[in-house]
Amino acid sequence: MSGRVEFLQGNEACAEGAIAAGCRFFAGYPITPSTEIAERMSERLPEVGGVYVQMEDEIGSLAAVIGASWAGVKAMTATSGPGFSLMQEHMSFAAMTETPCVVVNVQRGGPSTGQPTKASQSDVMQARWGGHGDYEVVALAPSTVQEMYDLTVECFNWAERLRVPAVLLADEVVGHMRERVILREDVETVDRELPEEGEEVREPFPLEPDDLVPPMPVFGRGHRVHVTGLTHDERGYPATDDPEVHRRLVRRLCNKVRKRARRIHESVGYDLIERESDLALVAYGGCARTVLEAAEELNATVFRPRVIHPFDPDLVRRLLDGYEVLVVEMNLGQYVEMIERALDAECVHALEYPGGYPPTPERVIEEAERLQG
Amino acid sequence: MRKEVRISGFGGQGVILAGVVLGRAAAVYEGYNAVQTQSYGPEARGGASRSDVIVSDEEIMYPYVRRPHYLVTMSQEAYDRYAPQVREDGLIVYDSTLVEPNEEHDVEHVGVPATRIAEEQLGLRIVANMVILGALRELTDLVSEEALKRAVRDAVPPGTEEVNVRAVEQGARGVRE
Amino acid sequence: MNWRDLIRWERMPHILCPGCGNGTILNVLVRALAEKFEAGELDPDRTVLVSGIGCSSRLPGYVRLDSLHTTHGRPLAFATGLKLANPDLEIIVLTGDGDAAAIGGNHLIHAARRNLDVTVICSNNLIYGMTGGQVSPTTPEGAKSTTTPYGNPEPPFDLCELVMGAGAPHVERWTTAHPQQLKRAIHRALERDGFSFIDVLSQCPTNYGRRNDLKSPREMLEWLRENTSTKDEPGKIRIGILRDEERKPFHERVHELIEEVSGDEEGG
């Protein structure tokens, strides 16, 4: 890893990661605890020739991001709970129109305005199912300031590869803490595949393209395409009355992500620390820092996914089958539901910990010891 | 080695910056691991403000300070609130211009007239945070003087580097004397 | 270029009702665009149509240009991203009274305030047509709709006053009974740098006319002709050029700032 060594907040590292990934457009709306991302982007983007705009609300922010993406520019927004709720309209639109974009959600406590300055992981299901309709996204959860940088780059790369909205599912713990970060200069970046410039694209949305992801005919290059949020046929034209067209379209939108679950997990990576124990702890994001410490004390195995969506049940079965599993998360049980579907549900337990701070390692140890009787 | 440091005072004294500088010195210039956290929102306005730093030669996982080894405090309110949390073998460094220590707290105390030094020797009250940080460094050797000064130069507003570095030096001198 | 080359003929027949004012708007728009392309004043490969939701927002789907059919009320927010990210694009936003003034009212005033360089054509038919005739923010007081069966108790918005109040530099109002004037207005709007707003009073015979004693498209067009004037006349709706000023468009200010900052960076 070569690059400048800095001591930054997670939110600042996220902005730097975006710029390293090639992001040249940011539209957003201030909201705690994500605002430092917008502030840093407003300073940094003009330096690298990029555009920053503060929109009138979060709905408009993600709309502008999608517009910029269709203009051929990598684009991002950042928000937290209440703003993420407003963005769901366009999460759904971005999924339907296959628009690469990155949405950072620095999670805080909810429902509603909840705990603006406190941490939470209660938007795990919203990241996947917050918008209406059948679709899939890529969502990654960073546990360190370095991962705020690295996983922002990964979000852009998967958004570009799959033409999907990608969510950096961060939380106030990692968003606000400062840590050493290497602003890597050697990041691998991925750009969406484009059709030949000047060529009219008659089938911009083929029903079964190679790899399930068609090239993106961005505007202003002579492709003359119609892009709509309505169910559309391969020409991009509304075909709202044809059940077969709808079935094939939404199946492809989901399958292009689902069928790559294993590849995404392998590529983005996960932590698995195996120890001689019947107990495995599972945690992600800011909360995982507690659990890594507790597991050492308990001499327990730990699984820390970085990829939250798409979930890969095969991977979880391969790694955790046979353990008593304790999932620790800062909500009333969201990721644990996915784990329960992958494993024998009787062996899966949860330490549900909303409130604004991750549990202390002592609290996790106490819970694990109670579990083991 | 894992040390938990809490720097506290009231809003406007630069306690956040002091924590950032200490963390930066440790993480960027000493090759240690360091994590800095702070209070946000209504809690951070007025009243007691705090900036927490953990410095370790091992990986820091749980990022929050539980029982500080070192408490640096620049206001009575912060002293009263945080002094009881300091470890028995810990150290409290307080700004003796502003804080009256309480003998009930059976922990080693060192008073440094940071605000007075800042005003009288540097002509700039707002560098009291760097004075007391210099004193903490001198007393604890958490990071080297060189690392601290480099971090100060990186983190303070351009044009104020020298006065802030001198503040660190005066703080160190204050506890040596 | 002939206007016929700009139609996606394979999509015909269109979904508009017989006598719908949106047909006139589409007709006038493609003719104005064809003239601009023919004269070399605009590049069809860099001209983009953006729309929201509603009958008028379906028009871009019939035009052989790049087009983005977005969500209800948000086309101006999408257009903001398109224009700032690629200032070479010429953007035309097709919207309606429900889209622009109700759900999208916030985006409308902010796009006008910023002076986003787009041409907005608002098909103002005084009703929600697509969903079957519900009251809109421009429905006249007392008018009947499926959700104001006893008459509309609300006063309507004057969209031109609204966007002028927000700072729009170029604002015109015409009707579907004035196609030649409307075409010239679109020409002017495309030529202006900045936020151009054309309020086009339009007829919805299916959902407005038949509930409000205007039985046919012809009657509605006559009503539009008789009740509008290019002069200030009592009891008549003012049409014509309501404002025509110059103000630096938003993308120019943003890109000047970028040039200044990034230039500084390169210069050290």
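Hi everyone, let me start with a definition: two strands pair if DSSP finds at least two bridges between them. Helices (H or I, at least four residues) and strands (E, at least two) are themselves DSSP runs, numbered from the N terminus.

A quick word on the model, which is predicted: local features need pLDDT of at least 70, side-chain atom pairs count only at pLDDT 80 or more, and totals for chains, interfaces and linings use all residues. Residues are numbered from 1 along each chain as its sequence is written, while chains are lettered from A and ligands numbered from 1 in the order in which they are written.

Now, where do the chains meet? Strand E9 of chain A (178-184) and strand E2 of chain B (residues 33-38) run antiparallel, joined by two bridges. There, A:Arg178 has B:Gln36 in E2(B) as its bridge partner.

Counting contacts (C-beta atoms, placed from the backbone, within 7 Å), 18 residues of chain A touch 16 residues of chain B. On chain A's side, the elements that each supply at least two residues include strand E1 (3-9), strand E6 (115-119) and helix H10 (288-298). H10(A) gives the largest share, four residues.

Chain A itself has 13 helices and 16 strands. Its C-alpha atoms fill a box of roughly 65 × 45 × 40 Å along the principal axes. And what about contacts along the chain? Of those between residues at least 6 apart in sequence, 74% join residues at least 24 apart.

Terms used: Contact = placed C-beta atoms within 7 Å.
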